[in-house]
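Hello,

Here is the structure I promised to pass on to you. Please open it first, and then read on for what turned up in it.

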Amino acid sequence: MSIKLKGIAASDGIGIAKAYLLVTPDLSFKKVTVADSDTEINRLHQALETSIEDLKTIKGRAVGHLDKEVLAIFDAHIALLTDPEMIKQIEQLIKTQHINAEAGLKAVADHFINTLEAMKENRYMQERAADVRDVTKRVLSHLLGKELPDLAGIDSPVILVAHEVTPSDTSQMNKQYIKGIITDLGGRTSHSAIMSRTLEIPAVVGATDATQQIKNGDMLILDGLTGEAIGSPSQAEITDYQKQAQYFEAQRREWAKLVDAPSVSADGKQFEIASNIGTPTDLGDVLKAGSDAIGLFRSEFLYMDSSDLPTEEAQFEAYKRVVKVMKGKPVVIRTMDIGGDKSLSYLHLPEEMNPFLGYRAIRISLQRQEVFRTQLRALIRASQFGQLRIMFPMIATLEEFRQAKTIFTEEKHKLQADEPGIGDDIKLGIMIEVPAAAIFAEAFAKEVDFFSIGTNDLIQYTFAADRGNECVSYLYQPYNPGLLKLIKHVIDAAHQEGKIAAMCGEMAGDAVALPLLMGMGLDEYSMSSSSVLRTRSTMKSLDTAKCAQLVDHVLANALTNEDTRKMVKAFLNK
Ligand code: PEP
Ligand code: MG
């Protein structure tokens with residue numbers, strides 16, 4: 001019997017492969033007294049050796065597709081497993097207290113971890129504590145005869161089944177073999193879902209108990225278009241989905257023909273379809289998609305991929321690379337948006353009850369000005385190599401924007417002492433993601449150069465529903481007439497002042513939202529590169545005057561998200 005699972009469709013495509021459960025096995029054990037200490041010491045050495053072999057094999061396989069920094073972690077772990085001081089202490093404990101190898105290992109490891117963690121201000125030591133915890137798990141798993149999951153070592157096609165997938169997990173994945181991802185937790189706009197779209201891996205998130213229902217090695221079908229998954233499918237189901245996957249691939253090939261085509265509507269109106277990126281390594285996908293611009297560079301990933309604050313020089317190089325590759329096409333770089341579900345250990349931010357409502361994004365930048373100023377300087381310097389725009393995240397009040405602009409202007413003037421005119425052509429914009437800014441868009445439109453509507457957060461805050469929490473994911477309602485009115489208000493306010501209205505939240509790449517947004521006159525649509533060509537293809541078939549009529553019809557008649565969806569579907573099928 002096949003097992004049916006339902007989650008949230010998070011990344012397009014269909015995957016069919018064996019399940020790979022990314023869950024840590026139960027490593028609990030009993031501390032027992034043993035008469036024969038030598039046997040326990042032998043067991044310990046065997047487990048240490050097998051663990052070292054594991055790490056060497058994983059590292060060997062990972063060379064070539066993982067970053068040097070990730071590879072260095074394997075060496076650090078091997079060094080720990082051969083640390084004579086630690087091994088001597090475990091042996092002594094086993095001998096003097098007559099305990100089993102598991103208990104000896106755990107006691108010594110815990111002692112090391114506690115000592116390292118006590119050095120709260122020392123980030124290096126904190127990270128070493130995490131290393132000791134990691135290698136202890138590996139040795140324990142061998143002592144207990146249990147198998148640990150090994151993401152970097154995956155070398156055949158699989159679908160990952162996990163409680164949740166973190167950005168650091170995704171950095172270890174070899175895209176060639178990961179045919180899909182299904183997670184218990186998460187919403188469509190959680191950052192793990194966004195990463196899956198960037199990697200073009202089909203994904204279903206928020207499937208509640210996928211890790212309970214699916215076993216390692218089970219055959220699995222995953223439909224990232226509908227949010228459905230089938231465990232242990234019948235042959236008929238596999239054949240059916242293979243056909244659907246082929247159809248999807250054929251569509252993709254059709255879309256690919258539009259890579260050099262302009263982004264125009266059926267009646268010839270020009271728009272801009274842009275890409276969202278996390279790091280410069282996403283640039284390949286931007287070029288493959290033929291994007292008109294980069295509408296959102298989530299610069300915080302530069303900070304998250306680094307073990308310390310990235311220097312002005314490192315940031316400058318990264319921004320310069322992106323701007324140069326785009327050869328004069330606009331590149332909108334958002335200043336650091338840390339906080340919410342993106343943490344940064346070395347900034348030592350306080351624990352918060354409500355991180356999404358707390359110390360986040362521009363709120364941090366305005367207080368940690370040294371961090372902000374470094375970023376702004378790097379941006380201003382990189383602006384010489386193309387068309388760079390700067391955008392501030394999470395702006396709620398005019399004062400916040402004005403303060404950010406003043407700091408930007410101060411840094412620009414300092415740099416102009418050496419290089420006159422540098423940064424003068426940089427456009428400054430804000431993300432509209434806090435309802436207070438959306439409602440008062442007319443005032444902001446007078447002072448900024450452009451808006452970019454961040455619907456992931458705007459919807460989260462408008463509906464008071466955590467974007468990463470699958471229990472409230474039904475409140476992710478991009479077609480709700482109340483939200484549509486708010487978005488229309490923002491677009492109209494920008495146009496009233498002759499400013500650009502862009503959107504860079506996931507709604508910008510949503511096929512149902514597209515005719516509505518075109519009808520409202522949204523200028524720029526920024527999305528995962530994997531959605532660019534599909535959107536360009538649909539845009540070509542839509543007439544803006546008819547889309548505007550659809551908007552009028554929806555705003556006059558729809559009362560719910562579902563009402564709108566039906567009206568748009570009827571419009572698209574006409
Ligand atoms: C948004 O909130 O819509 C957005 C684009 O920013 P992020 O998803 O990074 O919060
Ligand atoms: Mg946001």
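**What was found**

Setting aside neighbours within four places in sequence, Met567 is in contact with Leu550, His553, Val554, Asn557 and Ala558, where contact means heavy atoms within 4.5 Å. Met567 belongs to helix 23 (residues 561–573). Helices here are DSSP runs of H or I with at least four residues, strands are runs of E with at least two, and both are numbered from the N terminus. Met567 is buried, as its relative accessible area is 19%; buried means under 20% relative accessible area, exposed means over 50%, and partly exposed is in between (1.4 Å probe, protein chains only). From Met567 to Ile99 there are 468 residues in sequence and 70 Å in space, C-alpha to C-alpha.

A word on how to read all this: the model is predicted, so local features need pLDDT of at least 70 and side-chain atom pairs count only at pLDDT 80 or more, while totals for chains, interfaces and linings use all residues. Residues are numbered from 1 along each chain as its sequence is written, chains are lettered from A and ligands numbered from 1 in the order in which they are written, and side-chain values use heavy atoms, with hydrogens and water left out.

**Domains**

The domain assignment gives domain 1 (3–23 + 150–231), domain 2 (37–144) and domain 3 (263–433 + 450–458 + 502–542); such bounds come from an automatic or database assignment. Between the C-alpha centres of domain 1 and domain 2 there are 30 Å.

**The annotated residues**

Which residues does UniProt list for "active site"? The unreviewed entry gives His191 and Cys504; the positions are in the numbering used here, feature names are shortened, and annotations may be inferred rather than shown by experiment. Both His191 and Cys504 are included in the lining of the largest cavity. A cavity is a set of points, on a 1 Å grid over the protein atoms alone, where a 1.4 Å probe fits but cannot get out, and lining residues have an atom within 4 Å of a point.

Cys504 sits in the loop between strand 15 (500–503) and helix 20 (513–520). Is Cys504 buried or exposed? Cys504 is buried, because its relative accessible area is 1%. Beyond four places in sequence, the residues that Cys504 touches include Asn276, Met391, Gly454 and Ser526.

**Ligand 1**

Around ligand 1 there are 16 residues, of which Arg298, Arg334, Gly454, Asn456 and Arg467 come nearest; a residue counts here if one of its heavy atoms lies within 4 Å. An N or O atom in the side chain of Arg467 is 2.7 Å from an oxygen atom of ligand 1. For Glu433, a side-chain N or O atom is 2.9 Å from an oxygen atom of the ligand, and a polar side-chain atom of Asp457 lies 2.9 Å from a ligand oxygen.

Thr183 is part of strand 5 (residues 178–183) and counts as buried because its relative accessibility is 2%. Among the residues that Thr183 touches, beyond four places in sequence, are His163, Val204 and Thr208.

Thr208 itself lies in the loop between strand 6 (203–205) and helix 8 (210–213). At 56% relative accessibility, Thr208 counts as exposed. Its phi is near 60 degrees, a positive value in a residue other than glycine.

His98, also not a glycine, has a positive phi of about 55 degrees. His98 is in the loop between helix 3 (84–97) and helix 4 (101–118) and is partly exposed, with a relative accessible area of 37%.

Enjoy looking around!

Note on methods: On a 1 Å grid over the protein atoms alone, a cavity is a set of points where a 1.4 Å probe fits but cannot get out, and a pocket is an open set with protein on both sides within 12 Å along at least five of seven lines; lining residues have an atom within 4 Å of a point. A polar contact is a pair of N or O atoms within 3.5 Å; within protein, one must be able to donate a hydrogen and the other to accept it, and residues adjacent in sequence count only if both atoms are side-chain atoms.
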